[in-house]
Each structure stands twice: as structure tokens, then as C-alpha cells.
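Please have the sequence and the model open while reading.

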Amino acid sequence: DYVQIDKPMQPVPLLNVGAFYREAGRLEGPDIGCRAVRETGISELALLGEVALSSRSPREALTRVATILPYHCSNEHFQTRSEGDEFLFIDGWSVLFDDETLHIVQQFVATLVGLLCSFAEPKHPPLSRVAIMPHPEHGLAHLAPWFGRPVEAAQDRALTLHIPASI
């Protein structure tokens, strides 16, 4: 409760943020990460949103965000790479979140990336595949409506998003 709303770059304790997400999921439903992004959008992310929305393409946005991510969160790490006719976004954490918290954090990130990609190609699904940590009680079925296709279980606790090269 010490966080000041008018100081979006103020550091906050990551484990407390994770506990907040987990509790929000228990109170509001296991898809709270998707709903939170859809109800607020990318512009609410202060510096990250500004950098992403001032880019010319989703690829440029993700590359630029990767550059400034350590100023936003020193415990989140992502990589991007081309693989065939897709662009992969792989997101991981150096903090060991429990499975329930990681599920909500990953869907939050996946929805942000999907929303960013949908600006480039609004008529097509922005993500061709989503691999995410399953919720320990609810699994993954509740996420299919948000991503327009079935979601698969992450093999290694990392969020992996496949973005068509056309986007």
C-alpha cells in the first residue's frame, strides 16, 4: 500500500505483485491476466507501453522492449528469434513463482504480446501457438477463448508464443 499511483517507475516488490496476481485469480477467476490486459491495454504500462506503441512493427516493439526491460523488471527475461515462417517470443523468470502465479503472470504477458501484434494484422489471429504453464486446478481450457485456439502446456515453465512472420 506504499506504491504511489503517480510514480509508475517506482520499484515494487515482485513477490508481492505475484501474490496480488494469485489472489486476484482466486477471487476473479483463472483468466484474470487476460481480462486485466483487455480492460486496460498497453498504454497503461508507462515506459514499456510508450516504447511498444511508438514502434513501427510488433517485431521492432518487442526488440525495443527487450532493451529497456531491465529498467522495468530485473527478474523477467525474454528472447525473440525467427524460426521458419514464424517469430518466437520466449519469456521466463529468474524468480521461482508457484504454478498458479506463473499461470496468471504468463497469460498477462501473452495477452499483451497478442494485443500488440493484433494492431499490425487485426483480421488474423496474432498468435499461431501459445505454450503456457497450466493452472494447477483449472488447466488451460479457460484460455482458448482469449487466444482463439487451444493453448498448450509449456514444456519448461517458459511462455512461448509463435507469431506468424506476416505480422
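In this predicted model, D98 caps the N-terminal end of α5, with a side-chain oxygen that lies 3.1 Å from the backbone nitrogen of E100. The points below begin with that helix and then turn to its helical partner and to the nonpolar cores.

**The helix α5**

- Helix α5 has 22 residues, which at 1.5 Å a residue should span 32 Å, and the computed distance of 32 Å between its end C-alpha atoms agrees with that expectation.
- Because 19 of the 22 residues of α5 are buried, this helix is largely enclosed by the rest of the structure.

**Packing of α2 against α5**

- The axes of α2 (residues 32-40) and α5 come within 7 Å and cross at roughly 35 degrees, and the crossing in which α2 passes α5 is right-handed.
- On the α2 side the contact is made by I32, G33, C34, A36, V37 and R38, while α5 contributes I104, Q107, F108, T111, L112 and L115.

**Nonpolar cores**

- The largest nonpolar core has 24 residues, and those with the most contacts inside it are F89, V113, F147, L161 and I163.
- Two or more residues of this core come from each of α4 (58-72), β2 (86-93), α5 (99-120), β3 (129-132) and β5 (159-164), with α5 giving the largest share, 5 residues.
- When its neighbours within four places in sequence are left aside, V113 is in contact with L62, F89, L127, L161 and I163.
- Apart from this core lies another, of 7 residues, including L14, W93, L102 and V105.

Methods:
Residues are numbered from 1 along each chain as its sequence is written. This is a predicted model: local features need pLDDT of at least 70, side-chain atom pairs count only at pLDDT 80 or more; totals for chains, interfaces and linings use all residues. Side-chain values use heavy atoms; hydrogens and water are left out. A nonpolar core is a set of buried Ala, Val, Leu, Ile, Met, Phe, Trp, Tyr and Cys residues joined through side-chain atoms within 4.5 Å. Buried means under 20% relative accessible area, exposed over 50%, partly exposed in between (1.4 Å probe, protein chains only). Helices (H or I, at least four residues) and strands (E, at least two) are DSSP runs, numbered from the N terminus. Contact means heavy atoms within 4.5 Å. The expected span of a helix is 1.5 Å times one less than its number of residues. A polar contact is a pair of N or O atoms within 3.5 Å; within protein, one must be able to donate a hydrogen and the other to accept it, and residues adjacent in sequence count only if both atoms are side-chain atoms. Axes are lines fitted to C-alpha atoms, for helices over the stretch in contact, and angles run from 0 to 180 degrees between N-to-C directions. A crossing is left-handed if the near helix is turned anticlockwise from the far one by less than a right angle, and right-handed if clockwise.
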